[in-house]
Amino acid sequence: MNITVTRKLVQRLIEAQGTAISGQQLADEFGISRTAVWKHIKELEEQGYRIESVKKKGYILSALPDTLEPTDIQALLKTGRLGQNMHFLESCPSTQIAAHQLAQEDAPDGTVVLTEEQTAGRGRMARRWHSAANKGIWMSVILRPDVPPQKAPQFTLVTAVAVVRAIEQVTGLKPEIKWPNDILLNGKKCTGILTELQSDADGIQALIIGIGLNVNQLREDFDPEVQDIATSLKMESGDDVDRKQLVSSILYFLEQYSDLYIAEGFGMLKLMWESYSSTIGRPVRARMAKETLEGMAEGITEDGVLQLRTPDGKLHGIYSADIEMTN
Ligand code: BTX
């Protein structure tokens, strides 16, 4: 069986968006016999693709298997750059490590690394990110924006807005953002974002944006350490969620919003971020490396710095902290 033809056949059926294509037409397009088309269709069904065969009309793709097959995702993509170069690893220590390596080897802007399982997924400040096999989206995106290094931290906020929009679009759920980088559903964390930088004297060489999104886990799929603080889209919606659609949607919004940020600055995105934020306008506790402050979270600056007003009336700029709501 010619694997390339099988993959191209899937792409053709995805692009047909639910309309039937006849066996004869596929045979002509791929320069193979109708029997060969039928064999490829059978092979795809064995891989978990659901394909209906409608009499006198042809084949319709009605469901994709729950894998992260890059060519399937690419057939769904509506981006110009993000995900056009996509690397898939069945298992790896961390997609961040793989993406750093690819960035050093000159991988183009928009390169994406996806995996089914991370054995050493990482969060901020060397914390662990639990990455159950086959249930989530563990993805790193390489961006090469032409901006000074001090503009890098906002990409975390831009990414948070993009992921929230994608979750809304695909599931109808209404996530909130907790400054700076947690995405919450009903107060529990469903997404973490980690932005890392490769830079030299000439400026940013690459931004490596890591996105960890809990999609189809049940409570027991999470490590006991995070069972009480973590949630997944399936736990909140009650339904299995299509990971391929989600990846495609995240990359679409991330491309739109990072281009908007680079072209016009943070203004518009700041408004969007604040509208999704569960932190702003609330009393919070900010735990930093050297001190803990309590007060009202008033907003974020154009640089993404959290503005916290303590009871003595002083306004503090918080650059990095863990935030807890205090009411
Ligand atoms: P963070 O430091 O904000 O969050 C880490 C903390 O979140 C952990 O200490 C733990 O309490 C909690 N946690 C760990 N795993 C989960 C989970 N699956 N769901 C909910 N809460 C959890 C957030 O760091 C940044 C995470 C980025 C993960 C992506 S995955 C793709 C890429 N590769 C990689 O190694 N990291 C990024």
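In this predicted model, twelve residues of domain 2 are in contact with 14 residues of domain 3. The centres of domain 2 and domain 3, taken over C-alpha atoms, are 25 Å apart. The domain assignment of the chain places domain 2 at residues 70–276 and domain 3 at residues 283–325, with domain 1 covering residues 3–63.

The largest nonpolar core holds 61 residues. Within this core, the residues with the most contacts are Leu 114, Met 139, Ile 167, Trp 179, Leu 213, Leu 233 and Leu 251. Helix H6, spanning residues 154–171, is the element that gives the most to this core, with ten residues. Both domain 2 (70–276) and domain 3 (283–325) give residues to the core, so the core lies between them. Apart from it lies another core, made up of 17 residues that include Ala 16, Ile 21, Ile 51 and Tyr 59.

Turning to the strands, five of them form an open sheet in the order S13-S12-S11-S10-S14, and their pairing is antiparallel. Strand S13 (315–318) and strand S14 (322–325) stand at the edges; each has a single partner strand, so one side of each is left without a neighbour in the sheet. On average, neighbouring strands of this sheet are turned by 45 degrees against each other, direction ignored. In general, strands of a sheet pair through backbone hydrogen bonds, either parallel or antiparallel. Here, strand S12 (residues 306–309) and S13 run antiparallel and are joined by four bridges. Leu 306 stands opposite Ile 318 in S13.

Finally, the cysteines deserve a brief look. A disulfide is a covalent bond between the sulfur atoms of two cysteines. A search of the whole structure finds zero disulfides. Cys 92 is buried, with a relative accessible area of 7%. Cys 190 also counts as buried, because its relative accessibility is 0% and the cut-off for buried is under 20%.

Notes:
Residues numbered from 1 in each chain as written. Predicted model: local features only at pLDDT ≥ 70, side-chain atom pairs only at ≥ 80, totals over all residues. Heavy atoms only, no water. Disulfide = S-S within 2.5 Å. Buried < 20%, exposed > 50% of the residue type's maximum accessible area, 1.4 Å probe, protein only. Pairing = 2+ DSSP bridges. Helix = DSSP H or I, 4+ residues; strand = E, 2+ residues; numbered from the N terminus. Axes fitted to C-alpha atoms, helices over the stretch in contact; angles between N-to-C directions. Core = buried A, V, L, I, M, F, W, Y, C linked by side-chain atoms within 4.5 Å. Domains from an automatic or database assignment. Contact = heavy atoms within 4.5 Å.
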